[in-house]
Amino acid sequence: MPCTLKKTVELIHKQGNDYVITVKANQKTLYQQLQELAQSDAVFSVHLDAEQTRYRQTTRIASVFPLPESVKAIWQGDQQGVEVIRLGRRQAEPYFERQYFITSGTKKADALQARIRSHWGIENSLHWVKDVVLAEDHSSIAAKPAASLNGDHSQSGDYLISSSGTSLPYRCN
């Protein structure tokens, strides 16, 4: 069975779980809808937190808002949209990031922001393993069959690493 995001969401929902889906700019219509909805007066909940570490100052603002029926008809479960804004300074350089999500989870911005941050912890540790331990970014494989084989080996490495106790995200094959 081919893996699609809608099938994955359906499976998550059928098992009684919630999902948080990142909506990227290449999903133009949905992305634009979420941008407009995030600026509307219909926001359910907003949460702001700030943190100062040795080399980083970060402010995060999460807003949760209702989705129109046209979007809800596509996905499973009770849904809302989420906008997360991150801004601050990293090693004296300013940065600004804005991301949009669709979730079937809570309408509380603080809980959603915590869930999204915990996911980034998983993502960052996975990419560290692939980049540093497996040196995936420095791979010189250019041919498609070899690159495909390397991807299979890399995923096998992910399995071995996850077998050793490191948790990795769900994969569709």
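Tutor: Strand β3 (residues 56-66) is joined to β4 by 11 bridges, and the two run antiparallel. Two strands count as paired if DSSP finds at least two bridges between them. The strands themselves are DSSP runs of E with at least two residues, while helices are runs of H or I with at least four, and both are numbered from the N terminus. Within this pairing, Ala 62 stands opposite Val 84 in β4.

Before going on, note that this is a predicted model: local features need pLDDT of at least 70 and side-chain atom pairs count only at pLDDT 80 or more, while totals for chains, interfaces and linings use all residues. Residues are numbered from 1 along each chain as its sequence is written, and side-chain values use heavy atoms, with hydrogens and water left out.

On to β5: β4 and β5 also pair in the antiparallel sense, over 11 bridges, with Leu 87 opposite Phe 96 in β5. These two strands form a hairpin with 2 residues between them. In the loop between β4 and β5 sit Gln 91 and Ala 92. Neither is a glycine, yet phi is positive in each: near 45° for Gln 91 and about 70° for Ala 92. Gln 91 counts as exposed at 62% relative accessibility, and Ala 92 does at 56%. Here exposed means over 50% relative accessible area, buried means under 20%, and partly exposed lies in between, using a 1.4 Å probe and protein chains only.

By that scale β4 is mostly covered, with 8 of its 11 residues buried. In a regular strand the side chains alternate between the two faces of the sheet.

The whole sheet is open and has 5 strands in the order β1-β5-β4-β3-β2, with antiparallel pairing. Its edge strands are β1 and β2 (45-52), each of which pairs on one side only. On average, neighbouring strands are turned by 25° against each other, direction ignored. β2 is joined to β3 by 8 bridges, and Ser 45 has Val 64 in β3 as its bridge partner.

Helix α2 lies across β1, β3, β4 and β5, at about 105° to β5. Such angles run from 0 to 180 degrees between N-to-C directions, with axes fitted to C-alpha atoms, for helices over the stretch in contact. Contact means heavy atoms within 4.5 Å.

Next, the nonpolar cores, which are sets of buried Ala, Val, Leu, Ile, Met, Phe, Trp, Tyr and Cys residues joined through side-chain atoms within 4.5 Å. The largest has 14 residues, of which Val 23, Leu 34, Trp 75 and Ile 102 touch the most other members. β1 (20-23), α2 (28-38) and β5 (93-103) each give two or more residues to this core, and α2 supplies the largest share, 4 residues. Apart from it lies another core of 8 residues, including Val 64, Val 84, Ala 109 and Leu 112.

Gln 79 is in the loop between α3 (69-72) and β4 (80-90), and is buried at a relative accessible area of 2%. Beyond four places in sequence, the residues touched by Gln 79 include Tyr 19, Leu 67 and Ile 102. A polar atom of the side chain of Gln 79 lies 3.3 Å from the backbone oxygen of Lys 72.

Key
Polar contact = N/O pair within 3.5 Å; in protein donor to acceptor, adjacent residues only side chain to side chain.
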